[in-house]
Amino acid sequence: MNAEQLYNVWAPDSAHWSPWAKPVLFAAPYASGDEDRAKWAAARERARASWTPPRAGEAALVIDLDGPDALALALECARHGYRPVPLFNSCPSGRAVLDNGPLRAGLELLR
């Protein structure tokens, strides 16, 4: 799956919040490695152990956590009827402030 296809999975034209999605992480070429996938798996386990409120009407949640934890909790919320919107305004590089590898691994593995 190329970067554009991956972005379209996470921000389809038909979704109400897709215009808010940030394409930066999707546009950068990246292949996740074993360490990235392991960090992503750990984030998923932490999210599964957390409390997620049931969806109520037009409510929205803003999840302000570091990359993979934010994505993992957003996906846990999706199980309760919420629609995750990727608003990560960062890209992977050797000089990135945050490690984006586990986040990108989650985006790739959960398409």
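## How two helices cross

In this predicted model, helix H3 passes helix H4 in a right-handed crossing, a term used if the near helix is turned clockwise from the far one by less than a right angle. The helices are DSSP runs (H or I, at least four residues), numbered from the N terminus. H3 covers residues 34-48 and H4 covers residues 67-78, and the two pack at an angle of about 45° with their axes 8 Å apart. The axes are lines fitted to C-alpha atoms over the stretch in contact, and angles run from 0 to 180 degrees between N-to-C directions. H3 and H4 are therefore oblique to each other, the class left once angles under 35 degrees (roughly parallel), over 145 (roughly antiparallel) and 65 to 115 (roughly perpendicular) are set aside.

The contact (heavy atoms within 4.5 Å) is made on the H3 side by Trp40, Ala43, Arg44, Arg46, Ala47 and Arg48, and on the H4 side by Pro68, Asp69, Leu71, Ala72, Leu73, Leu75 and Glu76. Sorted by class, the contact of H3 with H4 has eight nonpolar, no polar and five charged residues.

## The overall fold

The protein has five helices and zero strands, so that its elements, read from the N terminus on, run α-α-α-α-α. Of its 111 residues, 38% are buried, meaning under 20% relative accessible area with a 1.4 Å probe, protein chains only. Among contacts in the protein with a separation of 6 or more, 74% join residues 24 or more positions apart.

## The nonpolar core

The largest nonpolar core has 18 residues; such a core is a set of buried Ala, Val, Leu, Ile, Met, Phe, Trp, Tyr and Cys residues joined through side-chain atoms within 4.5 Å. Those with the most contacts inside this core are Trp10, Phe26, Trp40, Leu71, Phe88, Leu103 and Leu107. Two or more residues each come from helix H1 (3-10), helix H2 (24-27), H3, H4 and helix H5 (101-109), and the largest share, four residues, comes from H4.

## Two residues in their surroundings

Leaving out residues up to four places away in sequence, Phe26 touches Ala3, Leu6, Tyr7, Trp10, Pro86, Arg104 and Leu107. Leu73 lies in helix H4 and, with the same exclusion, touches Ala47, Ser50, Thr52, Ile63 and Leu65. The C-alpha atoms of Leu73 and Glu45 are separated by 9.7 Å, although these residues are 28 residues apart along the chain.

## Basis of the values

Residues are numbered from 1 along each chain as its sequence is written, and side-chain values use heavy atoms, with hydrogens and water left out. Because the model is predicted, local features need pLDDT of at least 70 and side-chain atom pairs count only at pLDDT 80 or more, while totals for chains, interfaces and linings use all residues.

Terms used:
Nonpolar A, V, L, I, M, F, W, Y, C, P; charged D, E, K, R; others polar. Buried < 20%, exposed > 50% of the residue type's maximum accessible area, 1.4 Å probe, protein only.
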